[in-house]
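Colleague: Before I use this model for anything, I would like to go through its architecture with you, one question at a time.

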Amino acid sequence: MRGPLILLVYSFRRVRTLVLVMGALLAVFQVFLIIVARSLQNSNAFAQIGSLIPPFVREVMGPSVVSFLSFDGLVCVGYFHLAVMGSLVALSMTLSTTLTSEIETGFMDLILARPLARHWIITRSIVVTTACAMGLLVMMMIGTWAGLKTLAPRDVAWPAPGLILSLASNLGLLMLCWSGVAMAIGSVSRRRSVAGSLAGLLALALFLLDYVARAWPPAESVAWLSPFRYYSPFELLTGSSLPIRNLIILLSTAIAGFVMSYIFFSRRDISQ
Amino acid sequence: MNSNDRTEPAISARGLTKRYGKLTAVNNLHLEVKQGEILGFLGLNGAGKTTTIRLLLDLLRPTSGQAFILGHDCQADGLRARSLVGYLPGEMGIYSHLTGREVLDFLAGLNQQTVDREYQRELQDRLELPEVDLRRKLREYSTGMKRKLGLIQAFQADPPLLILDEPTEGLDPLMQDSFYDLVVGVQQRGRTIFMSSHVLSEVEHVCNRVALLRKGELVLLSSVEEIRRLAPRRVRVFFSEEVKLEQDLPPGHETVEINPHMWSLRVEGPLGPLFKRLSGFPVSDIEFEERRLEDVLIPYYREGAS
């Protein structure tokens with residue numbers, strides 16, 4: 001077990017700066033949202049913005065569209081803002097395709113020329129990706145908590161801790177799902193750029209599919225293919241309980257990706 | 001099997017074949033490397049040397065055939081096999097943000113064998129890579145320094161088998177000499193060295209046997225001594241007076257340069273016919289150049305290139 005542990009420590013050391021910087025940025029973003037929400041709250045602007053939304057938009061989008069037009073709703077936006085989701089999914093893919101970059105640079109030759117079984121490479125990648133995703137979400141939640149503690153107006157309701165935890169866990173499983181997909185692609189690719197681009201394009205296509213399907217019924221029949229379908233923050237904001245089915249689907253996809261990674265990587269040639 | 005079993009070959013390839021679609025990189029390779037020998041693995045670029053090495057290390061999976069390291073199947077028992085190997089790749093794919101010391105410690109940690117710090121220091125001394133250099137980031141390393149680091153990481157666990165892919169690439173002549181001394185030293189302690197190389201003089205200098213690959217096939221496997229015996233002699237005959245070559249030379253004799261005071265010849269086989277031919281000539285001196293491996297090997301390379 002000494003070898004795998006040393007590889008794990010090395011892998012964490014390699015990504016620590018990237019993850020810490022990204023975590024800090026996301027935490028700052030949470031604080032920034034709280035500042036914006038406080039400002040809107042103090043100027044009573046939430047009601048005004050709500051009144052500007054045309055009725056047909058409310059009809060199409062349902063009550064969820066106004067769910068974030070409140071102090072606590074806007075604070076929660078940090079867990080489903082496109083930029084946040086996009087950067088977290090991209091980071092997951094980057095971490096998951098590290099093994100492809102190690103093959104490309106020849107580093108994998110040095111590792112696997114030692115008595116280290118190939119499955120440890122995938123296990124290491126899963127542990128690093130999962131731990132980093134959790135670490136980032138914890139940093140975001142710390143940002144939210146610290147922002148609320150220091151900046152929230154006194155008379156305003158905070159988002160429930162359970163809601164934040166639900167959003168974070170759903171987002172975390174979405175990241176893990178894309179990690180699995182990217183790792184499976186990376187474990188058969190020779191170039192990280194190819195693996196990353198393929199996974200990224202797939203994510204973009206499936207995000208658009210989910211987006212289109214929300215407004216265009218014909219796309220609904222295939223929208224179940226998109227992992228983004230199983231991250232429903234608006235429903236959580238409107239008080240729905242954490243959809244366990246969605247979590248199971250995301251987790252199952254992640255596990256399927258990881259299992260495929262084990263199989264592909266154990267059979268492939270390690271060549272640059 | 002016990003890795004100390006001296007009867008077991010250090011490397012055994014049995015019908016090892018690797019194909020990429022229509023391209024055959026290694027074809028039906030049968031090769032045995034005895035324990036305690038230094039085998040030079042030769043061939044032109046693309047001949048299949050590195051592919052063979054990667055098959056031995058289970059980085060590539062063979063299309064057919066098997067390979068064994070000290071009796072352990074490189075695939076089925078790959079972990080045990082690789083625990084007995086020190087490997088120097090052709091190019092060190094190491095991240096430049098690490099220091100040399102971090103690389104050595106990291107790679108030592110992945111080995112099941114413990115690294116003797118004394119021996120590691122001895123390697124550093126021999127290859128002139130002091131601790132102060134090891135504390136520097138790899139991005140500050142020259143090509144030669146990276147090669148030295150690669151050699152130290154391969155040798156540091158003192159494994160029974162060393163697989164070295166073009167080990168002297170990027171080393172200066174003094175370091176090359178240090179490397180030769182190192183290799184001979186580890187061989188004297190019973191270690192086996194399997195090294196690919198393009199440098200025939202180095203193979204001649206340190207190797208006991210030579211295996212030559214051409215287009216993925218083993219075309220020559222012989223001891224260096226045997227190959228030397230096959231090599232034509234270079235002979236220069238000096239005359240005290242002007243002479244003229246009026247008759248043909250005996251069979252197996254080829255002129256390289258002829259002038260009235262000196263003949264330069266390549267002689268295959270015994271020298272008796274030449275001495276017989278020279279009787280009656282005013283010979284002042286005869287010089288024999290040492291037989292060179294390249295005189296035998298270069299034609300093999302040429303056939304492969306054509």
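Modeller: Two strands are taken to pair if DSSP finds at least two bridges between them. Please keep in mind throughout that this is a predicted model.

Colleague: With that in place, in what order do the four strands of the open sheet that contains E1 of chain B stand?

Modeller: The pairing in this sheet of chain B is antiparallel, and the sheet is open. Strand E2 (23-33) and strand E5 (72-73) of chain B each have a single partner strand, so one side of each is left without a neighbour in the sheet. Read across chain B, the order is therefore E2-E1-E4-E5.

Colleague: Which helix of chain B packs on that sheet?

Modeller: The helix in question touches strand E1 (11-20), E2 and E4 of chain B, and its direction makes about 65° with that of E2(B). The helix is H1 (residues 49-56) of chain B.

Colleague: How many bridges join E1(B) to E4(B)?

Modeller: E1(B) and E4(B) run antiparallel, and one of the bridge pairs puts B:Ala13 together with B:Ala67 in E4(B). The number of bridges that join E1(B) to E4(B) is five.

Colleague: Which residue in the turn between E4(B) and E5(B) has a positive phi?

Modeller: Strand E4 (residues 64-69) of chain B and E5(B) run antiparallel and are joined by two bridges, with B:Ile69 opposite B:His72 in E5(B). The two strands form a hairpin with two residues between them. In that turn, the residue with a positive phi, of about 45°, is B:Leu70.

Colleague: Staying with E4 of chain B, is B:Gln66 buried or exposed, or something in between?

Modeller: B:Gln66 lies in strand E4 of chain B, and 15 other C-beta atoms are found within 10 Å. A residue needs 20 or more such atoms to count as buried and 12 or fewer to count as exposed. With its count of 15, B:Gln66 is therefore partly exposed.

Colleague: Which residues is B:Gln66 in contact with, once its neighbours within four places in sequence are left aside?

Modeller: For orientation, the C-alpha atoms of B:Gln66 and B:Leu56, 10 residues apart along the chain, are separated by 9.0 Å. With the neighbours within four places in sequence left aside, the contacts of B:Gln66 are B:Arg14 and B:Asp73.

Colleague: How far apart are the centres of the two domains of chain B?

Modeller: Chain B is divided into domain 1 (11-228) and domain 2 (232-290), and the C-alpha trace of the whole chain spans about 70 × 45 × 35 Å along its principal axes. Taken over C-alpha atoms, the separation of the centres of domain 1 and domain 2 of chain B is 43 Å.

Colleague: Finally, how many nonpolar residues are on the side of chain A that touches chain B?

Modeller: In the contact between the chains, 20 residues of chain A meet 20 residues of chain B. The elements of chain A that give two or more residues to this side are helix H1 (2-42) and helix H7 (107-112). By class, this side of chain A has four charged residues, four polar ones and, as the number of nonpolar residues, 12.

Technical notes. Residues are numbered from 1 along each chain as its sequence is written. Chains are lettered from A and ligands numbered from 1 in the order in which they are written. This is a predicted model: local features need pLDDT of at least 70, side-chain atom pairs count only at pLDDT 80 or more; totals for chains, interfaces and linings use all residues. Two residues are in contact if their C-beta atoms, placed from the backbone, lie within 7 Å. Axes are lines fitted to C-alpha atoms, for helices over the stretch in contact, and angles run from 0 to 180 degrees between N-to-C directions. Ala, Val, Leu, Ile, Met, Phe, Trp, Tyr, Cys and Pro count as nonpolar, Asp, Glu, Lys and Arg as charged, and the others, Gly among them, as polar. Domain bounds come from an automatic or database domain assignment.
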